[in-house]
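Here's a walk through a structure, with the aromatic rings as the way in. Have the coordinates open while you read.

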Amino acid sequence: MSDHATDTATEAFVAHRNLLFTVAYEMLGSAADAEDVLQETWLRWVKVNLGQVSDQRAYLVRITTRQSLNRLRTMKRRREAYVGQWLPEPMLTAPDVAEDVELAESVSMAMMLVLETLSPTERAVFVLREAFDVGYDDIAAAVDKSPAAVRQIAHRARRHVDSRRPRQAVSPSVARAALESFRRALETGDPQGLLDVLAPEVVLVSDGGGIKQAALRPITGAEKVTRFMVGGLGKNKLPITLAPTVVNGTPALLVHLDGEIDGIMAVRVEDARISGLYYVRNPEKLHRVESETPLTLR
């Protein structure tokens, strides 16, 4: 490839890099794997004859989707051997992402867990169609299916997701207020304060990856979650601090234990009360968070 062609390829890749990363992340639930997919996409992109490419964005999305599908199928074996509950790798996102309701929901922990229940092809079709409004013909080229088949897959995936999709989330300001009440109650060890802010049917999912202690199964119900949270803090003799942040488009808490990042706790808020808690403690999923966290919050 000539220097000019390489420059053109680089410009196109850089221009669409954020889109490609988000496509890969929503398909894989892992920022580290998404970065690997982008590297593989780049290696294939620079070998393409750009003179024969009419839509560079669509072509790049096609390569990224195919590489993500390949990786997703191999990751399935890793997930089956995973110790305890699996949660997506958390991503710090800018506060203004939470104001974009559609984008915030598409990358939220709750939605990412719903996407985990789809087959690889269903997930690819749903992500491309629902999150990025990619046309059926372009999706068909990406997943090696006919446009008619893609339409059927999209309908099936949408129906599956809608039946499991959390109810409409509240505004970012209401979510932040609920999280602040939760933070104060947790820091002061106030059981009643936790019961007041937790929805009766709240579900806590914690992910330690077999490296750090975490509940092996989801904990359901405000009283059980309160006992688990207060009991866990009561046993811990090291100082704990909770710093507000934004993860996957929703308000969250950055948990520090004795000055070191211990985990990320994302929340799902409905009707001004917390209905979902997603606590990622697996250190292998916190590298990106640590590298992007300002020194003042570490």
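This is a predicted model: local features need pLDDT of at least 70, side-chain atom pairs count only at pLDDT 80 or more; totals for chains, interfaces and linings use all residues.

**Rings and their partners**

Searching the whole structure turns up three aromatic pairs. Take phenylalanine 21 and tyrosine 25: their ring centres are 6.3 Å apart and the planes make an angle of 5 degrees, so this pair is stacked. Both residues belong to helix H1 (residues 3–28), where they are four residues apart, or about one turn of the helix. Phenylalanine 21 is buried at 8% relative accessibility, and tyrosine 25 is buried too, at 0%.

Another aromatic pair, tryptophan 45 with tyrosine 59, is tilted, with 6.0 Å from centre to centre and 45 degrees between the planes. Here tryptophan 45 comes from helix H2 (residues 31–45) and tyrosine 59 from helix H3 (residues 56–80), so the pair ties together parts 14 residues apart in sequence.

The charged end of arginine 79 sits over the ring of tryptophan 86, 3.8 Å from the ring centre. Arginine 129 does likewise with tyrosine 136, lying over its face at 4.2 Å from the ring centre.

**Two nonpolar cores**

Tryptophan 45 comes back when you look at the packing. The largest nonpolar core has 48 residues, and Trp45 and Leu115 are the ones with the most contacts inside it. At least two residues of this core come from each of H1, H2, H3, helix H5 (109–115), helix H6 (120–131), helix H7 (136–143) and helix H8 (147–164). H1 gives the largest share, 11 residues.

What does leucine 115 touch, once neighbours within four places in sequence are set aside? Its contacts are Glu26, Arg123, Phe126, Val127 and Val161. There's also a second, separate core of 25 residues, with Ala175, Ala178, Leu253 and Ile274 among its members.

**H6 and H9 side by side**

Both helices have a span close to what you'd expect at 1.5 Å a residue. Here are their lengths and spans.

| Helix | Residues | First to last C-alpha | Expected span |
|---|---|---|---|
| H6 | 12 residues | 16 Å | 16 Å |
| H9 | 17 residues | 24 Å | 24 Å |

The buried residues of H6 are Thr121, Glu122, Arg123, Ala124, Val125, Phe126, Val127 and Leu128. Among them, Arg123, Phe126 and Val127 are also contacts of leucine 115. Just after H6, aspartate 133 takes a positive phi of about 55 degrees.

In H9 (residues 172–188), the buried set is Pro172, Ala175, Ala178, Leu179, Phe182, Arg183, Ala185 and Leu186. Two of these, Ala175 and Ala178, are part of the second core. After H9 comes glycine 189, with a positive phi near 65 degrees.

Glutamate 187 is also in helix H9, and it is partly exposed, with a relative accessible area of 40%. Its side chain makes a polar contact of 2.7 Å with that of arginine 183. Leaving out neighbours within four places in sequence, glutamate 187 contacts Thr241 and Leu242. Between glutamate 187 and valine 230 there are 9.4 Å in space, C-alpha to C-alpha, although the two are 43 residues apart in sequence.

**Loop residues**

Where does asparagine 248 lie? Look in the loop between strand S3 (240–247) and strand S4 (250–257). Asparagine 248 is buried, at 0% relative accessibility. A polar atom of its side chain lies 2.7 Å from the backbone oxygen of valine 107.

Aspartate 271 has a positive phi of about 55 degrees without being a glycine. Alanine 272, not a glycine either, has a positive phi of about 70 degrees. As for accessibility, aspartate 271 is exposed at 60%, and alanine 272 is partly exposed at 43%.

How values were computed: Residues are numbered from 1 along each chain as its sequence is written. Side-chain values use heavy atoms; hydrogens and water are left out. Rings of Phe, Tyr and Trp (its six-membered ring) pair if their centres lie within 6.5 Å; planes under 30 degrees apart count as stacked, over 60 as edge-to-face and the rest as tilted. Buried means under 20% relative accessible area, exposed over 50%, partly exposed in between (1.4 Å probe, protein chains only). A charge sits over a ring if NZ of Lys or CZ of Arg is within 6 Å of the ring centre and within 35 degrees of the ring normal. A nonpolar core is a set of buried Ala, Val, Leu, Ile, Met, Phe, Trp, Tyr and Cys residues joined through side-chain atoms within 4.5 Å. Contact means heavy atoms within 4.5 Å. The expected span of a helix is 1.5 Å times one less than its number of residues. A polar contact is a pair of N or O atoms within 3.5 Å; within protein, one must be able to donate a hydrogen and the other to accept it, and residues adjacent in sequence count only if both atoms are side-chain atoms.
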